[in-house]
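Colleague: I'm new to reading protein models, and I'd like to walk through one with you. Could you take the features in turn and show me how each is read?

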Amino acid sequence: MKLHNMIAFTSLLALSAACGSNEDAAKESTGPMETTVERFADVQILRFEVPSWNKLSLKQKELVYYLSMAGLAGRDINYDQNNRFNLEIRKTLEAIHEKYEGDKNSAEWKKFDEWSKQVFFSNGIHHHYSMEKIQPKFSSSYLNKLMTAVEHNLSPEAVDAIFKPNLEKKRKVKNPDVDMIVASANNFYGEGVTQKMVTDYYSKKLDLADTTPVELGLNSTLVLKNGKLHEDVWKSKGKYGAAIDQIIFWLRKAVKVAENDQQAKALKVLIDYYKTGNLKKWDEYNILWAESTNGDIDYINGFIETYGDALGKRANYESIVQINDFEASKRMATLAKNAQWFEDNSPLMPEHKKKKVVGVSYKVVEVASESGDAAPSTPIGVNLPNNNWIREDYGSKSVSLGNIIEAYNKAGGPAVTEEFANDQEEIDRAKKYGAIAAKMHTALHEVVGHASGQINKGVGQPSETLENYASTLEEARADLVGLYYIMDQKMVDLKLIETLEVGKAEYDGYIRNGMMTQLQRLEMGQNVEEEHMQNRQLVSSWVFEKGQKDKVIEKIVRNGKTYYDIKDYNKLRKLFGELLREIQRITSEGDYKAGKALVETYGVKVDQKIHAEVLKRVKPLNIAPYNGFVYPVFVPVMDHTGKIKDIKLENKQTFIEQMLYYGKNHSFLY
C-alpha cells in the first residue's frame, strides 16, 4: 500500500503552511539545487537531492545503480498496462520532440508540447489521477503535419484513440452500475472479457480453506483464447518478456554487490519469479524481502499495487530504489517498537485485533530512483507486502520518502491553508505544527495502520470479498488509525510529538482537505473515483454527519465562503475510532454490502455548490494540484581497464529531456 501522490495532498498542504560515462561529463554542479523545474497544465515538476550519495561505498553505489537500471527496464510495461495505444503514441511523441525543426513558438506547438508533457507525466493518454483521457487542444491535422515532418506516423486507431472523446474514454471506471471491465480503457483484460467473466473465473479459483493464498490475477492479462479465459502471464519468454529479461539482467548484477546474504537471497528469488511468473514464488520473495531489514540500501520492484484495476486484481509495474536515512529512521523506530501497544489499545473489536504484531519496521529513506507507476508522480510513503497472510505471519516494511517530502516542502507555500482555514488560530497551528503533523500521520498510517487488524478465519482476501471497494476501505482504515492515535497522549509520552496541538493541526488539515480542498483536483460534474480521495471524503463526511448532534464540526459560511471549524477535538477522535472499528469489522468479516454502502454514501458524490466554490477560490492562488519529479541520472566513471571506479549523480535535465533520454535508453517493448 502507498501513501501516494494520490494521498499526499493533505500532507503537501501541511508541509507547504543524456549523459556520457567519462569523468568530465560526470562533474557535479556546486551549490544548492533549484527544486522547481517547470510548470505545465495542472502539474509542477520538481527535483530532489540525495544527500547520502557520497557517503556510500563504491559497492553500495553499484547496487543502487543496478537496481535503478532494473527498475527503468520495466518502464514500458506500465505504459502498456495503462492502455494498448500508449507505447505507440509515446514513441511518436518522442520522435516529434527529437526531430521536428518547424516553428516551436506557434500556439499549436505550445498546445502540443503541453499535451505531450501531460502524456509523459501520466505514463499514457489518461490523467494519472482522475484516469480521464487527456483531451488535446490542438487539431488532428496539426498532429498529421508534425508526423509527416518527422516521418513517423501513428496507426489510424491510435489517432482515433487520441481525438475521439468516446474512445478509450477512461482508464479505470469504478461505477458499480456499469460493466467496469468493459468500460475501462486499461490493458489488463483482453477484447470481449466482461466483469462477470472475471468474477466467475476467480471465484472458482478461490479456496477459502487456503491459509496462504496467492494474489490471484496479480501478474497476468486475462484474455479470451479459443473462447476460454486464459491468463497471459507477465514473465520472461511470456508477455512483456523483452523488458522482464532486461530487469533480470540488472538484478543479476545487483546480486553480486548485495550488502548481505539475506538481501542477495531475496534478489535471487525475485529473479526466479520473473523467470517463471509463479505467484507462490512471489510470496516466497516477499517473505524474504520483508525479513531483509539490514543494510543501507533497499528497493521495491515488481507488479505490486492494484489501484489501476477496477476490480483490484492486476498490478501495475513499479520500482523504487532507496537509501536509508539512519538518523531520521532512528527517531521514528519508536513507532515500530510500540506496534503491539497500538494494536492492544485500538478501538477495534477484540476478535479483530492481532494477538501478536510481528516484523514491523519503519525507515525514513532517500529516494535514488523511481520508475513505472511510482514515477514521475511519486508516493511519499510505502508499506509492503500487500498479501495479508504474509503481513500477519512475517511482518511488513514501511518507508517514508524523506527527500521527496523535503522537496515538496521547499516548493510549497501556505496559500491554500490561509484561504480555507477558518481562523487565525487554525492558520498559526498549521504553520507551527503542520509539517510534523503530516509526517507523523504518514508514519502512523504506514507503520501502525496497514499493519493493524486481522481477517477472520475462512474469510478471503479483501480484494476478493470487498472487490472494487477494497482499496478505498483499506486506505480509510489506515488513515483512521493514524487520526485516532495522533491525538493520543501516548504520542507525547513516546516523545514523538511535543504536544497534542500537533494532532489538532492534523485534524484541521484533514477535514479541510476531505470536505473541500481536494476537490480542486476534479472538474465540475465529476464524482470522486480515485481511492485515496474517496477515502478522505468518506472519513470526513461521515464524522461531520455523525457529529452534527453534538456540534463536533461546524460548517460556517462567511462572506460567501465556506469553512469547517472543529469544535470538539476529543469527540472527533472518538468518532474516528467508531468509524475505524466499523471499517475493520467490514474488512475482517468481508462484508461487501456494508463496505459498498459506506463508500457510495459518503465517498463518491460531490456537493456541486461546494466544488464550484473551491475551484473559484483556488484559481487566483495559481497552485498546481499535482507534483512530480525529474530524477538523477547515474553516470558511471570508468578506470583505464573499463571497470567502474565511481558513479556520479547528475540532475540537470528538463522534463522533456529526461523523457526522451528514458525513451532512448530504457525502452524494450516497442
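Predicted model: local features only at pLDDT ≥ 70, side-chain atom pairs only at ≥ 80, totals over all residues.

Colleague: How many helices and strands are in the secondary structure?

Modeller: Helices (H or I, at least four residues) and strands (E, at least two) are DSSP runs, numbered from the N terminus. Here you get 27 helices and 15 strands.

Colleague: What share of the residues is buried?

Modeller: Buried means under 20% relative accessible area, exposed means over 50%, and partly exposed is in between (1.4 Å probe, protein chains only). In this protein 63% of the 670 residues are buried.

Colleague: Which residues are buried in helix α25?

Modeller: First the general idea: an α-helix has 3.6 residues a turn, so residues three or four places apart point the same way. In α25 (residues 592–604), the buried ones are Ala-594, Gly-595, Leu-598, Val-599, Tyr-602, Gly-603 and Val-604. Their cover includes α20, α23 (531–546) and α24.

Colleague: Is His-611 buried or exposed?

Modeller: His-611, in helix α26, counts as buried because its relative accessibility is 0%. A contact means heavy atoms within 4.5 Å. Leaving aside neighbours within four places in sequence, His-611 is in contact with Leu-519, Leu-522, Glu-523, Met-524, Gly-525 and Val-606.

Colleague: And where is Lys-567?

Modeller: Look in the loop between β12 (561–566) and α24. Lys-567 counts as partly exposed because its relative accessibility is 46%. Not counting residues up to four places away in sequence, Lys-567 touches Lys-551, Val-552, Ile-553 and Glu-554.

Colleague: Now pockets. How much space lies in the largest pocket?

Modeller: On a 1 Å grid over the protein atoms alone, a pocket is an open set of points where a 1.4 Å probe fits, with protein on both sides within 12 Å along at least five of seven lines; lining residues have an atom within 4 Å of a point. Grid points are joined across faces, edges and corners, and a volume is the space filled by probe spheres set on the points. The largest pocket holds about 910 Å³. It is lined by 30 residues, and the closest to its centre are Ala-41, Asp-42, Gln-118, His-127 and Glu-523. Helix α5 gives the most to this lining, with 4 residues.

Colleague: How does that lining divide by class?

Modeller: Ala, Val, Leu, Ile, Met, Phe, Trp, Tyr, Cys and Pro count as nonpolar, Asp, Glu, Lys and Arg as charged, and the others, Gly among them, as polar. The lining of the largest pocket has 11 nonpolar, 8 polar and 11 charged residues.

Colleague: Which element gives the largest share of the lining of the second largest pocket?

Modeller: That's α20, with 6 residues. The second largest pocket has about 640 Å³ of space.

Note on methods. Residues numbered from 1 in each chain as written. Heavy atoms only, no water.
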